[in-house]
6 protein chains.
Amino acid sequence: VAAITVGFAGADLANLVNEAALVATRRNGDSVTLPDFTQAIERIVAGIEKKHRLLSEQERRTVAYHEMGHALAALALPGSDRVQKVSIVPRGMGALGYTLQRPTEDRHLMRRQELLDRLTVLLAGRAAELLVFGELSTGAADDIAKATALARDMVVHYGMDDVLGPVSYADVQRRYFGMPDGIGPPGATGFGADTAQRIDAAVLELVQEALDRARAILGCHRAVLDRCADALLARETLDADEIAALTGDLAVSSGTPAERRDRRPVTA
Amino acid sequence: VAAITVGFAGADLANLVNEAALVATRRNGDSVTLPDFTQAIERIVAGIEKKHRLLSEQERRTVAYHEMGHALAALALPGSDRVQKVSIVPRGMGALGYTLQRPTEDRHLMRRQELLDRLTVLLAGRAAELLVFGELSTGAADDIAKATALARDMVVHYGMDDVLGPVSYADVQRRYFGMPDGIGPPGATGFGADTAQRIDAAVLELVQEALDRARAILGCHRAVLDRCADALLARETLDADEIAALTGDLAVSSGTPAERRDRRPVTA
Amino acid sequence: VAAITVGFAGADLANLVNEAALVATRRNGDSVTLPDFTQAIERIVAGIEKKHRLLSEQERRTVAYHEMGHALAALALPGSDRVQKVSIVPRGMGALGYTLQRPTEDRHLMRRQELLDRLTVLLAGRAAELLVFGELSTGAADDIAKATALARDMVVHYGMDDVLGPVSYADVQRRYFGMPDGIGPPGATGFGADTAQRIDAAVLELVQEALDRARAILGCHRAVLDRCADALLARETLDADEIAALTGDLAVSSGTPAERRDRRPVTA
Amino acid sequence: VAAITVGFAGADLANLVNEAALVATRRNGDSVTLPDFTQAIERIVAGIEKKHRLLSEQERRTVAYHEMGHALAALALPGSDRVQKVSIVPRGMGALGYTLQRPTEDRHLMRRQELLDRLTVLLAGRAAELLVFGELSTGAADDIAKATALARDMVVHYGMDDVLGPVSYADVQRRYFGMPDGIGPPGATGFGADTAQRIDAAVLELVQEALDRARAILGCHRAVLDRCADALLARETLDADEIAALTGDLAVSSGTPAERRDRRPVTA
Amino acid sequence: VAAITVGFAGADLANLVNEAALVATRRNGDSVTLPDFTQAIERIVAGIEKKHRLLSEQERRTVAYHEMGHALAALALPGSDRVQKVSIVPRGMGALGYTLQRPTEDRHLMRRQELLDRLTVLLAGRAAELLVFGELSTGAADDIAKATALARDMVVHYGMDDVLGPVSYADVQRRYFGMPDGIGPPGATGFGADTAQRIDAAVLELVQEALDRARAILGCHRAVLDRCADALLARETLDADEIAALTGDLAVSSGTPAERRDRRPVTA
Amino acid sequence: VAAITVGFAGADLANLVNEAALVATRRNGDSVTLPDFTQAIERIVAGIEKKHRLLSEQERRTVAYHEMGHALAALALPGSDRVQKVSIVPRGMGALGYTLQRPTEDRHLMRRQELLDRLTVLLAGRAAELLVFGELSTGAADDIAKATALARDMVVHYGMDDVLGPVSYADVQRRYFGMPDGIGPPGATGFGADTAQRIDAAVLELVQEALDRARAILGCHRAVLDRCADALLARETLDADEIAALTGDLAVSSGTPAERRDRRPVTA
């Protein structure tokens, strides 16, 4: 139940091309087409389809709302990567559903606001569950892990917490003793206790704020959320066009991030 | 003295099939029957019967109440997996008795309330000992370990503690320094002291609440508990039908969780 | 100077049988008799007799009172294992004396009160020294280590401390990071500071209470203690019958634990 | 997006000579010229040019202001190494742009003020982003890591924090137990908690002060910053002469540090 | 500059016999005599004489008072081992002088008071320096290490601190996780912070009290101390008889500990 | 930029003799003379001369004042080892200059005051920089490391801090668990938090006091300091006689420490 942003580079890219060629071969295609690439991406990112993994009706509803939560938050936040597909067909590696985002342009620098938007999309699955069912499930564990990792990077690598300042808290241990990575005098953390606690608090603030923001966004678009979740339960997979047709009033999903930024919706 | 929920997958499933085939062979059966599978499950989950391990009468009574505690709590909580068998025949691996639960459907997502129910069933053995004998024994050690692990997952992986929020506290260490699992700069816990203490407190709250809830449930059904424990002491093993006959007023043990949910009893 | 409860299982049992056979062979016996087993147990548990290790008279008196402290506490506490032999013949492995207890029945579950009794017996050697000589000696080091280990298990494995609750504090480290035993990211204790301190405090409370209780018991039976210590100094070894003859007013040493429980003496 | 001061010694110097010889060979040159050395330095320090890595227009603007921030701060601080080149041509190893400083003389001792100036230059990239875009980006991660390392050395090795005094906090662990580097009794940090926290606070103070100072400098020269960033966006690379032409009113970039010190500008 | 109590056992004893035989051979003796053994003990315990190591006159005076401090404290405390020899002839292994004590009987149990006496003798060297020169020197480092180790054993192994109680604080780490000695999950100390601090405080109290006591004893016998130090400076070595002649008013140095206990002097 | 006290022993002494023989051979000398030994000592202690390492004029001035700071403090403190040579010729291993002290007698015991004097000499280089330039430089890093190590030994090995008392805080870790050096259960520091912090504070107090004392000494002799630094800048090396000629009013540099002690100057 994970929000996935696809970006390939180097060896991964080579792998993608091979996989797409295999897909094309399997369908006896003359050339590798865009659908071949899409299918290859899904296989690599979410695993092979596992149609025989039968979820209960309640589980399917939870997954459907969870995935549409990711998708609608991404649509509502103009700085997010474009939503290409939402699916509740279970796949390998424990994925019960997934939302596929594809970046419209390569990114090399990320602004703080863009990272906050990404956090919000990651937590929108849980936000949808809270909004619709009023209860937490285990399905957000992977999203939580990803959001925690991103928020921690913001605090620890990118100097984006006001209290902790423009300081790197990441490799104190290693350079401090001038030793090769991963080998060092044990026990020397290099952090004060207040620092360690502030890192935790800063991460929590970022993630909690993102969850609250996702709930606010989905609360504003509850009718759209219900409509999309119903459609997803019926069809199991929705592509970008189908989603656009269902979310007319949120039709901010096309164009470049820069274009979308100009028509940013009320989401605070 | 453990509450066991059976769920097999992958290699375990293959192992189960082999074991059931062996059981059928041993009894010279023509085909592998459901009883063969049940016996195979018991061998795999609780070990081989050790009838020669002689418990004192007091120990047998303690075990009987302990196991019926698990079973009655599972019956009383509609979200729990179905109780299939309760036994006080000692088996290998230190098990003095066991309660076998079999899920009526495969589960992929668990709601918070369902996890709380599972915690309650795990602690209902100790609750029964407290209720009947007014004293703790060593027999709950394994239940306590399982309940602690589950409660910790709720707090640390699933973001189910309000104070600690939707943050993963599980693999800070590993990803923080970008190193392979199990190798990292020693001493860097990645947790603040308040965080570490709150994790402990949150786990304790969950487990303590589950114990209190189990005591309340068993207190409401004390007469049934005594009747079942007596039957278990007499017959050593009770199957689902025998339990149902003994617990008429708790007859919520059949049907799917969804059906049972609708006739949820008063439990705090 | 250790209170030893004998219980053999598996490989240890095989070892005992071999050792007893050797004893019988050495005395050219036709068959392995019960005395052969007793001698074998002593060799295995307390080492070979070292008569040439000469203790000063003061040391012998200290050891005699220490050992009779263990023995009388075990006699006075009906839930304790039966005292079979008390000796002040030094043996290998540093033992200056020992009290041999043999359980009258196999135990699979222990109640909290039984564990408290066991703690009391373990600390009764030190209690006797305090009572008689008014001073501590180094002779209780092994008892203290054993009592600490037992008290810690009560707190950490068996959930027997009210503050720490029905939570396992034992393998947080290991399962937390999903790594094999003994290999894990150093520095991550998984305990909050308050938890660690409460564990220490709970252990101390249990052990201190047991020492106080042992002192109260021995204080009530001071005359018996003196009489037994004198006899032990004179004869060097006392068996169960000799002890029973000397402790008539404490004649609660025979029968099963259940029988003895009914005639429980006043012990605070 | 890193401020780089070039200084070669020993093996690095030999490597530089080889690389410059290769550059000369590739262009079929008769001798190794200064431009060959410059090109060799860039290859070694910032990696091979990656012109095909396409940044968005917004990213290019961010990088251009970031790099000019480094360059202008270095020009404004008379104790800094001379700016030789600024580039926004992406190179290997993740560098989206770079500012090349070359020391006008070898340095063996650094005064505290010179180190503070170096910190200020390191953080001037982030300062420019804050000033112009009002938002933080991920582009300063490497600068932050370098500034943290330098500030930590000032505190821990050079005794430059008033509270922590002329004490070395760097190899307590190692020499304390008289063991070879990197091998020591784990867990013994040798730091008190207050010490560890003060080290963190002292590092934060140094780095934060440097960021504030960089913002003040760039705020004073905003017009020059805009002019230079525009030129850099247009030409992609600016050399020392081009920068000097654009920053006439900051023309303090030539001469030795001692000469420049005499005409030190207003920098708070 | 160490107070040394000699006790040999097992392999050490065999080594002693060999060494004594070598000494006898070197002097062409017909048999191994007691003086041969004494010389062998000194070689083993304090190293070979290093007469060519020239101490300054001030150093020799410091050493003489230091060693006589050990000796007089041992004489004044009836529970101490007998002083056999005091020397200021430097020997190997850094020893600038030594006081040889030989136990009059083998010890198997030590009472708390006897351990306190031993601590007092260990710190009496430093006490003499403080009393006579009013200043500390580096010469007590080895005594301090030994006293610390003994005091820690009293607190941690022997349960001799009232606050920490009859609890073993020594092998928490090892048994806690059920692993072989020395291998365990790093970072898990098993101590609460208050416990760790109390251990330190208890050790400090014991050692400080012993130092104060040693100063009081030597203060009472200052004239004897001066007289003995002068004699030691003149003769370099004093044996038991010579010491007895010099310390007539302290003539408590002969007889068994039990005898000496009866004429215990005033020592606060 | 280090204050070096020369003392050779054992293998180091053999090495020195070999080196001096080589020096003599190189100059075709018939015998090894005292100048050969001096040159050998310098090669061993400070590395080979590196005349081609060109320092800026400002750096040379800093080094000259730094070294004369060491030398004058040593001259002013009668307990210090004799200053034999001061040089600002750069040598290998990063040394930009050095002050060579040679002990007039072998030392086996050091009094607390002598260690404080040694600390003062170590920090007098930094004191000179502060006094003359009003600013700290990186040049004192090695002095700081040495002073920290010495102060820590005073606190941790020699029991010279009043609060921490006559307790060894050095090898708690190792002996505590009875394991060989350097191998032990990680994470178990054996120190309480207050202890660890007090160690840091005690070290800081000693080092800070020494720096203050060095500043007071050099402040009293500022004119001499300037005169000597000028001479050193002119001649690059000053030997004991040249220094004595320049520091007439400080003529306390000859004779034994005991002689010098009698004419101790005013140094606060």
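A polar contact is a pair of N or O atoms within 3.5 Å; within protein, one must be able to donate a hydrogen and the other to accept it, and residues adjacent in sequence count only if both atoms are side-chain atoms. One such contact, of 3.1 Å, joins the side chains of A:D143 and A:H70. This is a predicted model, in which local features need pLDDT of at least 70, side-chain atom pairs count only at pLDDT 80 or more, and totals for chains, interfaces and linings use all residues. Residues are numbered from 1 along each chain as its sequence is written, chains are lettered from A and ligands numbered from 1 in the order in which they are written, and side-chain values use heavy atoms, with hydrogens and water left out.

**Aromatic pairs**

- Over all chains, the whole structure holds six aromatic pairs (Phe, Tyr or six-membered Trp rings with centres within 6.5 Å; planes under 30 degrees apart are stacked, over 60 edge-to-face, the rest tilted).
- One of them is the edge-to-face pair of B:Y65 and B:F133, with 5.7 Å centre to centre and 90° between the planes.
- This pair links helix α3 (residues 57-76) of chain B, which holds B:Y65, with helix α4 (residues 112-133) of chain B, which holds B:F133; the two residues are 68 residues apart. Helices are DSSP runs of H or I, at least four residues, numbered from the N terminus.

**Charges over rings**

- The charged end of A:R111 sits over the ring of D:F133, 4.6 Å from its centre (CZ of Arg or NZ of Lys within 6 Å of the ring centre and within 35 degrees of the ring normal).
- Likewise, B:R111 has its charged end over the ring of A:F133, 4.6 Å from the ring's centre.
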